[in-house]
Amino acid sequence: MSSSAPIDSAPNAPASIDQSPAWRALSAHAEDMRDVHLKDLFRASGERHLAFTRRAAGLMLDLSKQRWHDETLHKLLDLARDAGVPQAIARLLAGERVNRSEDRPALHTALRLPVDARLEVDGEDVVPAVHETLAHMAAMVEKFHAGQWRGATGKAVTDVVNLGVGGSDLGPLMVTHALADYRPRDVHSVEVHFASTMDGSQLADYLTRLNPETTLFVLSSKSFTTIDTLSNARTARDWLLSHLVNGDGDRDLVMRQHFIGVSASREKMCEWGVSDANQLEFWEWVGGRYSLWGAIGLPIALVVGMQNFHALLAGAHAMDRHFATAELDDNLPVLLALAGIWNVNFLDVRAHSILPYDGRLEFFASYLEQLEMESNGKSVTNAGDVTAYSTCPVLWGQLGPNAQHAFYQLLHQGTQAVECDFIAPMRRYDRVEDNATRAHLKAQHRLTLANCFAQSRVLMLGDEAIEDDGPRPLHKRYRGNQPSTTLLLERLTPETLGALIALYEHKVFVQATIWDINPFDQWGVELGKKIATQAEQVMASHDGLESLDASSRGLIEAIWRAEESY
């Protein structure tokens with residue numbers, strides 16, 4: 001299907017979703033549900049877990065601890081239909097121009113299509129180009145793993161530093177950490193590092209420890225104009241050239257052997273000095289925070305190998321197929337999205353915590369913070385009207401076992417209502433060869449799961465979860481009734497991780513569809529970059545200070561005085 005097809009609104013859709021019959025019915029229903037406690041909902045039905053649990057693509061989604069019942073879900077599904085969610089899913093996956101403000105499709109799902117698939121956009125099948133880039137990546141990875149990618153002095157590269165920020169950093173960082181157990185054996189060892197901070201602190205640390213002869217940098221930037229990434233790239237280039245250039249011919253050799261570029265702008269990569277052979281393509285129709293499935297995922301492939309990278313894509317594609325074909329009431333992304341809509345828009349729960357109970361998912365909450373808040377942190381509809389309702393909640397989180405000793409106090413006894421997502425693999429340590437060690441590690445995994453389930457139980461039931469019946473002072477009481485979702489993976493594998501990430505991507509899209517906002521642009525981010533450039537020019541030139549506000553003037557003048565003192 002061509003992306004030039006118009007974007008139709010839902011049949012009989014109202015001017016604003018909050019004026020729809022389904023929204024009004026939910027608002028009235030929420031008043032009836034406001035004082036209903038989760039413990040009473042569980043007491044009323046022994047089949048509640050089964051009724052609100054779904055499975056797909058190696059994941060199990062338990063929504064039984066949400067503050068809803070069958071009638072609530074039926075009304076939410078009516079809202080999804082009123083908002084045109086089924087039609088929107090079809091448009092997204094068909095490559096239509098769902099990114100309205102930039103007038104282009106959002107084709108991250110095309111990056112994980114199998115090689116024999118076909119997706120025509122503006123008269124061109126995009127799948128061959130996607131797999132051409134994957135093949136280029138595979139050739140690079142094979143060269144690294146064979147110890148054949150050599151630096152300017154002939155030594156094999158042992159360290160790769162990914163220079164990116166936002167989607168060019170968070171996704172690859174999260175996945176490489178999560179799948180570290182899947183490093184291929186019997187290959188040349190390549191360590192992958194990540195540097196994203198504009199101040200250079202991360203990069204400076206690496207440059208004091210790494211060997212310039214055996215270090216390569218991946219410059220990941222969709223536009224290849226991102227100040228954060230390019231400032232780090234210039235520092236890396238100067239470091240390499242100062243150590244490795246002895247003659248006129250050495251500079252070209254250093255640039256050719258020590259830099260790879262990933263961008264949608266071949267012209268700018270060439271201008272910067274990245275050789276043609278070391279450029280990987282990144283298309284305008286993929287947003288940065290949705291991009292780990294393609295060339296931005298090179299660091300992932302270097303860590304886990306191309307076979308496991310393809311497995312990651314296959315897991316995401318399995319979730320794509322489920323998203324496309326499952327009925328709304330069995331559709332994991334739709335149901336997860338509706339739980340969020342219910343909490344944010346009808347129960348006034350506007351904080352959402354992501355709590356993985358597996359150390360390999362240490363960076364998953366950070367990844368979702370960008371995915372959800374950069375996508376749906378919007379207050380203007382696709383028609384250009386200010387929304388009369390809340391959109392994306394504040395998202396935050398940490399590894400659950402650590403968070404229990406940090407901010408769970410607020411979850412249990414604070415004044416803020418918080419929705420929580422608990423995430424854990426059902427099985428772990430099956431691949432540990434030593435029997436005694438495996439037994440100890442499995443016992444630790446059981447302890448971790450016990451904590452995961454216990455925390456969601458107390459958040460749900462409050463004092464009723466505590467077996468003793470003795471009186472307790474008020475400061476030891478737990479109110480409970482905090483909504484949560486539990487997501488279990490059969491195992492944490494490349495396939496299930498791919499499905500998990502795709503699940504949240506599609507959840508974001510469904511919520512954006514209902515809120516009638518565009519999840520694929522980020523004009524607030526672009527404005528921040530523009531204003532930062534203006535401030536930097538003033539600081540460097542000492543010209544234009546009078547055009548700024550009093551606070552900015554005072555802060556910049558303080559910096560000037562500090563600079564004069566050293």
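The search finds 1 cavity of 30 Å³ or more in this predicted model. The largest cavity holds about 50 Å³ of space. Its lining includes a run of neighbours in the numbering, Glu 281, Phe 282 and Trp 283. Val 286, Ser 291, Gly 294, Ala 295 and Ile 296 also line the largest cavity, as does Leu 111. By class, 6 of these lining residues are nonpolar, 2 are polar and 1 is charged.

Now turn to the open space. The largest pocket has a volume of about 960 Å³. Its lining takes in 40 residues, and the closest to the pocket centre are Ser 223, Thr 226, Val 525, Glu 526 and Lys 529. The lining of the largest pocket divides into 17 polar, 13 nonpolar and 10 charged residues.

Which helices each supply at least two residues of that lining? They are helix 9 (227-244), helix 14 (364-376) and helix 19 (523-541). Helix 19 gives the largest share, 8 residues.

Domain 1 is built from three segments, 24-94, 326-470 and 490-521. Domain 2 covers 124-309, and domain 3 covers 524-564. Taken over C-alpha atoms, the centres of domain 1 and domain 3 are separated by 41 Å.

A probe the size of a water molecule, rolled over the atoms, shows where empty space is left.

Terms used. Residues are numbered from 1 along each chain as its sequence is written. This is a predicted model: local features need pLDDT of at least 70, side-chain atom pairs count only at pLDDT 80 or more; totals for chains, interfaces and linings use all residues. Side-chain values use heavy atoms; hydrogens and water are left out. On a 1 Å grid over the protein atoms alone, a cavity is a set of points where a 1.4 Å probe fits but cannot get out, and a pocket is an open set with protein on both sides within 12 Å along at least five of seven lines; lining residues have an atom within 4 Å of a point. Grid points are joined across faces, edges and corners, and a volume is the space filled by probe spheres set on the points. Helices (H or I, at least four residues) and strands (E, at least two) are DSSP runs, numbered from the N terminus. Ala, Val, Leu, Ile, Met, Phe, Trp, Tyr, Cys and Pro count as nonpolar, Asp, Glu, Lys and Arg as charged, and the others, Gly among them, as polar. Domain bounds come from an automatic or database domain assignment.
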